[in-house]
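Please look over the structure shown here before reading on. The briefing takes up its nonpolar core and then its metal site.

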Amino acid sequence: MMNCREATQLMSESQERKLSLKESMSLGMHTMMCKGCHNYKQQMGTLRKITRAYAKGKNEQEEK
Ligand SMILES: [Zn+2]
């Protein structure tokens, strides 16, 4: 199982690239069991929504 540091690292990477299935699965597993990372993820999701609302389509994530 990944540690919190790897989990938060992956979370920030997920803003820039699409995570692999394996990565998002282990990240999901970690955030499900780790309260700290779960909260962090929620906060990050909220932040991202705000940012995206400002960018409005200008900065849409593209498939790579
Ligand atoms: Zn954690």
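Which residues make up the largest nonpolar core? In this predicted model, the core has 9 residues in all: Met2, Ala7, Leu10, Met11, Leu19, Leu27, Cys34, Cys37 and Met44. A zinc ion is also present, coordinated by Cys4, His30, Cys34 and Cys37.

- H1 gives the most, with 3 residues.
- Leu27 is in contact with Met2, Ala7, Leu10, Met11 and Leu19, when its neighbours within four places in sequence are left aside.
- In soluble globular proteins, nonpolar side chains tend to be buried together.

**The zinc site**

- The coordinating atoms are SG of Cys4, NE2 of His30, SG of Cys34 and SG of Cys37, at 2.0 to 2.3 Å from the zinc ion.
- Along the chain, the donors follow the spacing C-x25-H-x3-C-x2-C.
- The arrangement is tetrahedral because the 4 donor atoms subtend angles of 100 to 115° around the zinc ion.
- For four tetrahedral donors, the ideal angle at a metal is 109.5 degrees.

**Cys4 and Cys37**

- Cys4 lies in helix H1 and Cys37 lies in helix H3, so this pair ties together parts that are 33 residues apart in sequence.
- Cys4 has a relative accessible area of 39%, so Cys4 is partly exposed.
- Cys37 has a relative accessible area of 3% and is therefore buried, since buried means under 20%.
- Cys37 belongs to the largest nonpolar core and also coordinates the zinc ion.

Technical notes. Residues are numbered from 1 along each chain as its sequence is written. This is a predicted model: local features need pLDDT of at least 70, side-chain atom pairs count only at pLDDT 80 or more; totals for chains, interfaces and linings use all residues. Side-chain values use heavy atoms; hydrogens and water are left out. A nonpolar core is a set of buried Ala, Val, Leu, Ile, Met, Phe, Trp, Tyr and Cys residues joined through side-chain atoms within 4.5 Å. Buried means under 20% relative accessible area, exposed over 50%, partly exposed in between (1.4 Å probe, protein chains only). Helices (H or I, at least four residues) and strands (E, at least two) are DSSP runs, numbered from the N terminus. Contact means heavy atoms within 4.5 Å. Donors are N, O and S atoms within 2.8 Å of the metal (3.2 Å for Na, K and Ca); water is not among the atoms, so sites may look incomplete. Four donors count as tetrahedral if all angles lie between 85 and 135 degrees; four count as square planar and six as octahedral if opposite donors are over 155 degrees apart and all others between 65 and 115; anything else is irregular.
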